[in-house]
Amino acid sequence: MTRHNEAAGLSGDEQITLRSPAELADALPYVLGFHPDDSIVMIALHGPRGRFGGRLRLGIPEASEEWPEVCDQLAECLVTGSERRAGRPDGTVLFLCQEPRDGESGQDVMERLRPLAQRLRTACGGLEVPVFEALCISDGRFWSYVCPDRRCCPPEGVPLTLPGTSVMAAAATYAGVHVRGSLREMEARLAPLAPPRAEEQERALDTAGCELVPRILGGTDCAAVREETLVLLGGMLARFRAAPPIADQVAADLRDDGLIGDQEAAAVIIGLQDRLARDRAAQWMEGPDAEPALRLWRALSRRCVGSYAEHAAAPLTLAGWVAWSVGDEPAARVALGRALSADPHYLFARLLHQACNEGLDPELLRRCLRQDRADRALQTAVRGELERLGAAAAGRPGGPGGPGRGPGGRAKSPGAQAARRRPAGRTRVRRRPGRRGARSRP
């Protein structure tokens, strides 16, 4: 699940009044920074004028049996997160976004998701946070689950506004907010290579694993593998820095894929499973290094194919960190979400995802990373900032929320608990069943 703070889209300085379901539907991609595919989106509203506050997004669960529990969790998450950041919300607006399956129409999607919309409305109502509007967006149209007026919300739906023609689009352009395409397109930039390239890359990973894993597991040669990894990464970064920019994203990714050989990609993917190597690579986060580093991490994520899918957690997390560091929060959340899908226990990704969702200033982390290890820096900065926010929300001058508790007395997040349980200086490397690849779970 992804929570989006106010900085993800238009800032609070731009005041735009949305008067109808059509204008709400048009505003959604500008609020998030991308077009959400297959998503539940909830936005908190504050005050008598319905000012936008915290927002969250979650993929729509395939199994309808999961909907009740998911709805309860989403409602609680939106309310508690809003309370910590900007006060209890006075209401919410809800969006269900999904394209038709084979043989379906947009109206069919709307009817199929109606029970989900109703369950979300019930969950929010149970917390005394009414859903003022609930929209389904599908196949270029929208439907309201709330408005009974057929004049503005007919049964066949209402066509979405043409892109770039609305007041919201004009305001977003003026504010420098760009819609990065669809969520599916953003995720495709991080997806593994397709055959036949995938088979070639997997063979290279097998070879690299056979060579490097015994050296890593032996313990005596870890430092040498780490330095070899960083030297290879430095050469790749120089190549990416020298390559001229390409506006078309698909063409740019294809060009970047051609800048890396299969064997060297395999060697650095195995090498990045070492936390110290990854932490040193995380320092390519600003200035002239940031843009080529982001492209490099995306390209390496695409090389984590087949049985090496879990290895993508490291380059995906680095991609998310650099994107967040340079201010691209939507891209950061997509990369971090995919990192957690690859390895839900990857601590670096969990801490970064939490920090990004809670609206921490990345400069807090950059200052730590310039001097310290990434895990320790993140644990310190995230925990300290959340305790400060919790103290402020409780009306106290500062200090922790109490023994074993998070901000405001709430239970700490799973990421924070894992950070406490796992010694900072330990690296876990395990063999993959049937393979000789290495994985660490930092």
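Colleague: What do buried, exposed and partly exposed mean?

Modeller: Buried means under 20% relative accessible area, exposed over 50%, and partly exposed in between, with a 1.4 Å probe and protein chains only. At 48% relative accessibility, Glu76 therefore counts as partly exposed. This is a predicted model, in which local features need pLDDT of at least 70 and side-chain atom pairs count only at pLDDT 80 or more, while totals for chains, interfaces and linings use all residues. Residues are numbered from 1 along each chain as its sequence is written, and side-chain values use heavy atoms, leaving out hydrogens and water.

Colleague: Where does Glu76 lie?

Modeller: Helices are DSSP runs of H or I with at least four residues, numbered from the N terminus. Glu76 lies in helix α2, residues 67-85. Its C-alpha atom is separated by 7.9 Å from that of Cys124, 48 residues apart along the chain.

Colleague: Which residues of α8 are buried?

Modeller: In α8 (residues 222-242), the buried residues are Val225, Arg226, Thr229, Leu230, Leu233, Met236, Leu237 and Phe240. Seen down the axis of α8, they fall within an arc of 130 degrees (taken from the directions from the helix axis to the C-beta atoms), so they line one face of the helix. On the other side of α8, Val231 and Ala242 are exposed.

Colleague: How many residues of α14 are buried?

Modeller: In α14, 10 of the 14 residues are buried, so this helix is largely enclosed by the rest of the structure. Among them are Pro330, Val334 and Leu336.

How values were computed. Helices (H or I, at least four residues) and strands (E, at least two) are DSSP runs, numbered from the N terminus. The expected span of a helix is 1.5 Å times one less than its number of residues.
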